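Colleague: Please take a close look at one part of this predicted model. I would like the local picture there, followed by what surrounds it.

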Amino acid sequence: MKWESIEMLKRLTVAALVAVLTVCNACHASSLTAEAPEGSMVAAGDPPEQKPSEATLQILIVGLPLSPLHSVAAIGQELCLRGHNVTVASVGEDGLKKTRKYTPKCNVNYVSLGPAPLTKEEVGQAVLSSLGSTNNTFVQMRRAAKAVFQKFFGIMDDPLDELLQSGGISRPDYALLSMPIGSLKTVMIKHRIEYAIK
């Protein structure tokens with residue numbers, strides 16, 4: 001029963017994201033036909049070469065190589081299978097491994113934003129060391145999350161900002177953030193990229 005609920009949630013999330021991207025597609029395609037530049041071979045009002053439903057979007061997915069990355073990578077795979085260009089940005093070797101693991105049906109792009117501050121083993125040790133002081137599960141979870149996420153807080157902000165500023169990737173039409181850690185939202189706003197947080 002629980003697995004079925006997770007699968008249904010994944011399908012609904014993908015369906016909602018595709019609906020949003022369809023609207024973005026239409027806006028993107030209509031902006032291409034607003035006015036033809038002077039001296040252009042295309043007359044104003046001529047339709048673009050692609051129909052709005054066929055327009056390819058540049059999608060950026062940003063996530064930590066912890067459990068939040070797998071669900072957004074799976075969404076990225078679905079968008080890639082529908083013809084969109086998807087780039088996943090994360091940190092460390094685990095980011096690449098998770099991206100490849102959860103996108104086996106479609107070759108999404110991967111960009112490393114630097115090394116991870118903790119290895120898998122160090123994450124496990126940080127979690128274990130935060131559990132011993134109480135038997136209250138909620139307190140343990142909160143302490144474990146704090147012990148791990150404080151090491152990752154903000155490490156993707158500057159590298160992502162530099163990547164977008166330098167043109168190291170195609171300018172994204174839309175971004176999906178696995179979680180609002182650090183100042184990722186501010187980076188998206190600075191570069192005028194529409195985004196959603198999973």
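Modeller: Leucine 131 is found in helix α4. Its relative accessibility is 26%, so leucine 131 counts as partly exposed, given that buried means under 20% and exposed over 50%. Arginine 143 is 12 residues away from leucine 131 in sequence, with 7.4 Å between the two C-alpha atoms.

Helix α4, residues 120–131, also takes part in a pocket: α4 and α3 (92–102) each supply at least two residues of the lining of the second largest pocket. The largest share of that lining comes from α3, with 5 residues. The volume of this second largest pocket is about 220 Å³. Its lining has 13 residues, and those nearest the centre are Pro65, Leu66, Asp94, Lys98 and Lys120. By class, 7 of the lining residues are nonpolar, 5 are charged and 1 is polar.

The largest nonpolar core has 26 residues, and the members touching the most others are Leu60, Phe152, Leu160 and Met188. At least two residues of this core come from each of β1 (58–62), α4, α5 (137–152), α6 (157–166), β4 (174–177) and α7 (184–190). Apart from its neighbours within four places in sequence, methionine 188 is in contact with Leu60, Leu160 and Leu164, with Ala175 and Leu177, and with Ile193 and Tyr195. There is also a second, separate core of 15 residues, with Cys106, Val108, Tyr110 and Leu176 among them.

Methods:
Residues numbered from 1 in each chain as written. Predicted model: local features only at pLDDT ≥ 70, side-chain atom pairs only at ≥ 80, totals over all residues. Heavy atoms only, no water. 1 Å grid on protein atoms, 1.4 Å probe; cavity = no way out; pocket = protein on both sides within 12 Å on 5 of 7 lines; lining within 4 Å. Points joined across faces, edges and corners; volume = space filled by probe spheres on them. Helix = DSSP H or I, 4+ residues; strand = E, 2+ residues; numbered from the N terminus. Nonpolar A, V, L, I, M, F, W, Y, C, P; charged D, E, K, R; others polar. Core = buried A, V, L, I, M, F, W, Y, C linked by side-chain atoms within 4.5 Å. Buried < 20%, exposed > 50% of the residue type's maximum accessible area, 1.4 Å probe, protein only. Contact = heavy atoms within 4.5 Å.
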